[in-house]
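Here's a quick briefing for anyone opening this structure for the first time. Have a look at it, then read on.

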Amino acid sequence: MALPLPASTRCLLPLSLGLFQAALLLFFALFITYDEHSAAPTNSEDVEHAAKQLHSTFPFFQDIQVMLVVGLGLLLAFLPRYGLSALTHNFLLLNVSAQWALMLQGLLHHLQHGKAVLGLHSMLSAEFAAVTVLISAGAVLGRTSPSQLLAMALCEVPIYLASEWLIITRLGVLDVGGTITIHVFACYFGLGVSKTLFGNAKPTVHPKETPTPRSDLLALLGALILWVFWPSFVAVLCQPGDAQHRAILHTLLALSASTITTVLISILLESDGKLSAGHLQNGSLAGGVAIGAVADMHITPAAALALGSLSSLLCILGFQFLTPLLAKKLALQDRCGIHNLHGLPGILGAVASVVAALLAPGDGSEAARHKQAQWQAAGLVVALGGSLFAGMLVGAALRLPCLAPPPEPLCFEDALYFKLQERAEGPPALGGSTEGVPLATKECE
Amino acid sequence: MALPLPASTRCLLPLSLGLFQAALLLFFALFITYDEHSAAPTNSEDVEHAAKQLHSTFPFFQDIQVMLVVGLGLLLAFLPRYGLSALTHNFLLLNVSAQWALMLQGLLHHLQHGKAVLGLHSMLSAEFAAVTVLISAGAVLGRTSPSQLLAMALCEVPIYLASEWLIITRLGVLDVGGTITIHVFACYFGLGVSKTLFGNAKPTVHPKETPTPRSDLLALLGALILWVFWPSFVAVLCQPGDAQHRAILHTLLALSASTITTVLISILLESDGKLSAGHLQNGSLAGGVAIGAVADMHITPAAALALGSLSSLLCILGFQFLTPLLAKKLALQDRCGIHNLHGLPGILGAVASVVAALLAPGDGSEAARHKQAQWQAAGLVVALGGSLFAGMLVGAALRLPCLAPPPEPLCFEDALYFKLQERAEGPPALGGSTEGVPLATKECE
Amino acid sequence: MALPLPASTRCLLPLSLGLFQAALLLFFALFITYDEHSAAPTNSEDVEHAAKQLHSTFPFFQDIQVMLVVGLGLLLAFLPRYGLSALTHNFLLLNVSAQWALMLQGLLHHLQHGKAVLGLHSMLSAEFAAVTVLISAGAVLGRTSPSQLLAMALCEVPIYLASEWLIITRLGVLDVGGTITIHVFACYFGLGVSKTLFGNAKPTVHPKETPTPRSDLLALLGALILWVFWPSFVAVLCQPGDAQHRAILHTLLALSASTITTVLISILLESDGKLSAGHLQNGSLAGGVAIGAVADMHITPAAALALGSLSSLLCILGFQFLTPLLAKKLALQDRCGIHNLHGLPGILGAVASVVAALLAPGDGSEAARHKQAQWQAAGLVVALGGSLFAGMLVGAALRLPCLAPPPEPLCFEDALYFKLQERAEGPPALGGSTEGVPLATKECE
């Protein structure tokens, strides 16, 4: 049962994690201090203000943590023999990427302002950077080693920070829910990685890839958890008050419309009028991706509904027609269908933000509105083009043999990364037993 | 393996979902605007006020979403081959019912005030309307098609809104946690539907109905999630301040007493001193149902404990004695035992609210207290009688063949509604394999 | 299939639960009133204040409930045939212990101040008392009956309250996250119980003890839920404002460092470079245990990272070397490895608090800082020694035969406590069936 790993992996992964952790520690010891909410206060007003900031942010923060750690992890557990690995790699990537983002943000802040501060807000930005890595990893799930994923994370986070700075700070793009900066960016980065990493080999369906009803149930549970907490993700960085209200309402409406449209389209498309669990797991979230760029604007509730419906339509059409086409024409592998959940709805959301900027009621001259619309379009182009290009470079680097890609027969297999204990032979259990059944059968359960 | 569905279903369900979504979109485009918290503010005080309202409501709202989408969905997944369907039908019903309630509420508001506004509060009311549909569906779970469930939702929501208006607005009944308006109403509506839908055929135990330890574990997980967040459900609509405090404390105490009493009674009743997982999944929640009508009153903590204990006692006695009796005498099918979890504890809670109104300390004259007690009793009668009558009418309508009820051998079977992918035959997996095992075995896992 | 239980158990457990519930009810009826936040307010400022207190505490409270009921329950469900029992015993113990703590706290308060008040804060203290019981139970999981666990709870709660009073109120130890008062106390209490309860019999590996990939997945899910909400546990009792900010940030950093270090160390230690699911489930939480005693101090973010790394290192070394050693030399059974998750990181956290007290910047003279450091050390000694001694006494008492310990072949077996329904023989299911497979096979799934 023992699957010998090349010595390089067995050393490389712990070694690099150890170096990373030591470097982070050193950096934190030298440069990082508390932000104004967590430092010792100078008067009671400061304390009051810090408490208020905490109570208005922390519930959102916890919701997002549940999404990323539990919801997304379970969504990725649709591979029946790869659940432990999916949950664990997601969890590890989140931590490494967020710490790495904290360090890079701190460094930039230090260079600009002479100090680097830590607070709930910088934690949140770091989590957002990590989200891009988690999304991109979906394209190559199951066929990559932890070392490859970590190498990808180390490359992707600084590129994301640069892209986000360019899009938001320089271009002034409005994107409160990360439709362009997070979803579009992460999707095309991941597809770029997948393309150059796997080359032109035609994607084949691996026998362990097919979900079972049990693994589909876990993945659906993950999707439902994401669905429930998605409004917190979109609204956490909004201006408190009416803008945050609108962001939450629009996201709720978009997600609700997505769900109904998904069921409707999936039944129509499947040959025998049945629902596809994969469509449901992805399509019902598409509205949340698309709404991000316009969530806090005055787009009317009807527009939020329409956007939700349209995005899930695109998502399912993508699964049904575009993914097979890309696999056939471009030999593009996209294991979790991130192009359908993040790419297409993300582009739709970006286009919606162009339209919303053009039609924005009242505030600003027509020239200003045209300019904003152009920036929105420019942001989309930068996010899409830049990430695709960068992803392809990174994917080529991930082909390094020392990163120990899993051999094809052991892809999608927990036993490659986890010490799965063989069951001790013991006295038969109560009223008959399965103790004697060979391990491989137990693993499939 | 393909189960051909009649063409009517394959067209009816997508068609009606499509029409529904289009009608909603049109209605929203024509009539719905933002409420005062989400509209553009006129001054900074408005912003402050909107932010405060959001931070005091949104955490409760998210808790309730988790309950309905994840907790209730898992609780219904106790049928071992019907987990995907249970989660999905619950999720779809929630979305359709909530949107439908938003539309109807908006219409009423429009007729009364000339405009219809959308906000977190109207979302919450719509969710509450949807809860009744989710509860009622429990009576007929597994033996109904999605089309039947959707038809039921379309009928039940307006009847609920009328009933709720009559009970709360006209009669002035106090019922902050929805004991009477939600639980009693939904239970007897569901039982009415079940009665006329299934007629006088004696209920039989379907071989796929029996939970396995694995499906019982999922359902217990769902019950625990409901248990944890139940205080938010009861307290969300309370007056902020001491009333909301009391509602939370009373609910916590009632649920805690329910849990202990459930274990105690279940062990006493079962022949060999063991616990029934079904009793635990339902009995531990009974206190939350009963406490709703009196949660914010000054009933004393001891009364909350007593109510919790009593309601779980009723619930388990109902499972053990009343459900078999109703099945035998009235041929009444109640798949999830909603009469035991929502009906009996709901009636108990309503009676408790009569007593509490009579004994209310201080405020108001004796005549006023008597009057309030009478209104509470009247509310119970309206909720119970009206819903039973309406449910029976709706159940008769659901017998329409075009709604495609599932044939008996395919009840409680995910494969009827889900495209379950057959596992590709591939190279044997690591160290032996189950790849060759026929699909049906895999589905059972 | 029926496993006859001795009549004593079948009577003792319901009888004692019934007496307990009746006593609690009587006590509440006689002595308990509302606290100032839930009593009828005298003016509108009271209402405002009560609302504010609720909105700043309740989200934390709910997070902690999720941790204890769902997260911890799932974490204990790593035993493949004992998942229902693990979740249920955890749930029952939580309720009984919390009610018992409410009663004892109320009694003490009554004796001191002439009245006993109930509020969200006393609920929270009662939950914290219950946590110690849940942790201690981990040492003896699977080999103890519910009666034994309840007897342990009834003994442990008053001892905890005395220990906590001595450490916090008398010695003035700083321990906002319960590192010393909860984790160290509960760990050594549980180990003491285990030692005298099981005597000198060498621990053997029971054939039902070995996790399957499926049960490991559930336990990992539980660990992730605990990981996400741990900051709420540590920070809930902090002073609002900057102290609460720091507690949350430090806990986030410590947990994140723990996760990375756990993966790193586990891969290094395991012979073939694979990860152990058990290490991951425990090691990633170790930082949360250790940080508690210093979470709100000005320890710098770097120190939080270092503490997190170090504690998970200790935790995994404990699993790998200390647990086998203790089992061999002292015949000590520690089923869940609570010594590695709560004991070692707890001691580390206590030592860190001594150092932090010594190095505390600014506030107070050097003498005062030395004194505080001494108190911290004294607190550790009291918690460790007292709990070990008390636990050994309680463990001896749990050997009473009337508490019905499970016979060895039926340990780790749900069927001993749960009425697992045998599947009715019915018509074969769709396309082949597993209906005819004997029950024992189904139970293993």
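What follows covers how two of the chains sit together, and then one residue in more detail.

This is a predicted model, so keep in mind that local features need pLDDT of at least 70 and side-chain atom pairs count only at pLDDT 80 or more, while totals for chains, interfaces and linings use all residues. Residues are numbered from 1 along each chain as its sequence is written, chains are lettered from A in the order in which they are written, and side-chain values use heavy atoms, with hydrogens and water left out.

**How the copies are related**

**Where chain C meets chain A**

- On the chain C side 73 residues are in contact, and they meet 76 residues of chain A.
- About 6,300 Å² is buried between the two chains, with carbon and sulfur atoms giving 73% of that (buried area is the accessible area, with a 1.4 Å probe, that two parts lose on being put together, summed over both).
- C:His245, C:Ile260 and C:Lys274 lose the most area in chain C, together 11% of what that side buries.

- The rule finds two salt bridges between chain C and chain A (a side-chain nitrogen of Lys or Arg within 4 Å of a carboxyl oxygen of Asp or Glu).
- One of them pairs C:Glu270 with A:Lys419, whose closest N and O atoms are 3.3 Å apart.
- H8(C) gives the most to the side of chain C that touches chain A, namely 18 residues (helices are DSSP runs of H or I, at least four residues, numbered from the N terminus).

**A closer look at A:Leu280**

- A:Leu280 lies in helix H9 of chain A, which spans residues 277-291.
- A:Leu280 is buried, with a relative accessible area of 1% (buried means under 20%, with a 1.4 Å probe and protein chains only).
- Leaving out residues up to four places away in sequence, A:Leu280 touches A:Leu220, A:Thr262, A:Val263, A:Leu275 and B:Thr88.
- A:Leu393 is 113 residues from A:Leu280 along the chain, and their C-alpha atoms are separated by 33 Å.

Notes:
Contact = heavy atoms within 4.5 Å. Helix = DSSP H or I, 4+ residues; strand = E, 2+ residues; numbered from the N terminus. Buried < 20%, exposed > 50% of the residue type's maximum accessible area, 1.4 Å probe, protein only.
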